[in-house]
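Student: Please show me the model. I would like to go through its sheet and its aromatic pairs.

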Amino acid sequence: MATSRLFCWLFILLVFLWKKLLHLVKSISRFMINDLEMQRIIRDREQVYSLLKSENIPVPRYEVLKRKDDLNQPLEDSQIMEEHEDHLTINNQVFTKPFVEKPVNADDHNIYIYYPQAAGGGSQRLFRKVYERSSIYSPISRVRKFWILYL
């Protein structure tokens with residue numbers, strides 16, 4: 001619990017420092033080598049996909065499901081999700097397992113890969129490397145219930 005609070009405060013601090021840095025660069029710099037505004041866009045997978053589509057760059061089939069924390073209801077009434085043993089249906093789009101689930105925030109490295117029952121079911125959970133591990137297998141095959149990007 002204390003660790004999650006620490007990470008929350010660290011994240012808030014980083015966002016604050018990034019905004020302060022962006023303001024400083026805009027007010028002082030004559031030219032920019034690294035575009036800080038673009039770095040903000042790169043952190044949001046939804047904005048990255050929109051940018052790629054606008055430039056006619058192919059992207060994999062995906063659906064964004066925006067959900068409230070710890071609730072089973074989507075934010076928007078128009079979004080419908082049905083979870084089945086070997087596939088997931090979001091807004092009438094079927095994603096057969098295996099599929100990848102990524103948080104919209106690219107800074108969140110908790111990525112899940114869900115497997116069909118024919119392959120043993122469960123999920124592989126990828127995360128930032130801790131000691132010698134960067135993933136763990138879980139027998140749980142149910143999807144998370146918050147902001148998610150499905151590929």
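**Sheet and ring pairs**

Tutor: 3 strands make up an open sheet, ordered S2-S3-S4, with antiparallel pairing. Strands are DSSP runs (E, at least two residues), numbered from the N terminus, and two of them pair if DSSP finds at least two bridges between them. This is a predicted model: local features need pLDDT of at least 70, side-chain atom pairs need 80 or more, and totals for chains, interfaces and linings use all residues. Residues are numbered from 1 along each chain as its sequence is written, and side-chain values use heavy atoms, without hydrogens and water.

Student: How many bridges join S3 to S4?

Tutor: Strand S3 covers residues 87-90 and runs antiparallel to S4. Leu 88 stands opposite Phe 95 in S4. The bridges joining S3 to S4 number 4.

Student: Why is the pair of Tyr 49 and Tyr 62 edge-to-face?

Tutor: The structure holds 3 aromatic pairs (ring centres within 6.5 Å; planes under 30 degrees apart are stacked, over 60 edge-to-face, the rest tilted). The centres of Tyr 49 and Tyr 62 are 4.4 Å apart. The pair is edge-to-face because the planes stand at 85 degrees.

Student: Is Tyr 49 buried or exposed?

Tutor: Buried means under 20% relative accessible area, exposed over 50%, partly exposed in between (1.4 Å probe, protein chains only). Tyr 49 has 11%, so Tyr 49 is buried.

Technical notes. Phe/Tyr/Trp six-rings, centres within 6.5 Å; stacked < 30°, edge-to-face > 60°.
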